[in-house]
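Let's walk through this structure together, from its secondary structure to a single side chain. Take a moment to look it over before reading on.

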Amino acid sequence: MKKGKMIILSGPSGSGKTTISHCLLSKFPELKFSVSCTTRSIRNNEIHGKDYYFLSINSFFSKIKKYQFAEWEEVYPKLFYGTLKNEIYKIWKSNQHILFDIDVKGGLNLKKQYPNNSLSIFIMVNSIKVLKERLITRYHKNYENDETNINIRLKKAKKENNYAKLFDFVLLNIDLFQTKKKVIQIVSNFIYGK
Ligand code: 5GP
């Protein structure tokens, strides 16, 4: 099978990854979002098969046993997330490149498996205080059912920042407009080889 390219967006929860990935998907029609599996509950603004494949723990573990994941992580205590190998092949088969929004360990894992055709970008913010404010706003908007509380996400964010240097690009997201502009440039160079 012909391999396409992969763009890996990682960074702490609240850093702006999701907004940036939506921006990239609308800008580059040749990009397709990799839908991950998760065992966390569905939020009221999410759609099964579009945002995630929402699985029971049993079904997630059965996929681990059958080696169906390219990578998987216990991203938060007792909450599992993973990328299906089949999701990757399906997108490449349709002659598109893949966009991942995954956690730092998962992102580095994929980069290791696909060193020649991947681009990894770490999105960070300049302070934990800013992250906290963003997470609180988001929580009030969407997260009624969410098991992962803000403190767990902040704790993880502090650890995740230590891995930033292992990514191809690190972008400090202070001004979202500027960050989007930079990401578009980086991705454009990567896809079109400018
Ligand atoms: P959320 O629960 O906010 O949707 O996602 C929590 C974290 O899990 C985010 O950092 C997100 O990027 C990450 N994530 C989503 N899908 C995957 C995946 O397939 N693998 C890994 N390792 N992390 C993922």
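Helices (H or I, at least four residues) and strands (E, at least two) are DSSP runs, numbered from the N terminus. What you see is a predicted model, in which local features need pLDDT of at least 70 and side-chain atom pairs count only at pLDDT 80 or more, while totals for chains, interfaces and linings use all residues. Residues are numbered from 1 along each chain as its sequence is written, and side-chain values use heavy atoms, with hydrogens and water left out.

Let's begin with the whole protein. Its secondary structure comes to seven helices and nine strands. The radius of gyration is 16 Å, close to the 16 Å that the globule rule gives for 194 residues, so the protein is as compact as a globular protein of that length. Here the radius is taken over C-alpha atoms, and the rule is 2.2 Å times the number of residues to the power 0.38. Along the principal axes, the C-alpha atoms fill a box of roughly 40 × 40 × 30 Å.

How much of the protein is buried? Buried residues make up 49% of the 194; the word means under 20% relative accessible area, with exposed over 50% and partly exposed in between (1.4 Å probe, protein chains only). Contact, in turn, means heavy atoms within 4.5 Å. Among contacts between residues at least 6 apart in sequence, 69% join residues at least 24 apart.

Now find strand β8, residues 118-124, where seven of the seven residues are buried. Both of its faces are covered: one side carries Ser 118, Ser 120, Phe 122 and Met 124, and the other carries Leu 119, Ile 121 and Ile 123.

Which strands pair with β8? Strand β1 (residues 6-10) pairs with β8 in the parallel sense over five bridges, and Ile 7 stands opposite Leu 119 of β8. Strand β9 (residues 169-172) also pairs with β8 in the parallel sense, over four bridges, and there Met 124 stands opposite Leu 172. Two strands count as paired if DSSP finds at least two bridges between them.

Finally, look for Lys 17, which is found in helix α1 (residues 17-27). Is this lysine buried or exposed? Lys 17 counts as buried because its relative accessibility is 12%. Leaving aside neighbours within four places in sequence, Lys 17 is in contact with Leu 9, Ser 10, Gly 11, Pro 12, Asp 101, Ile 102 and Ile 123.
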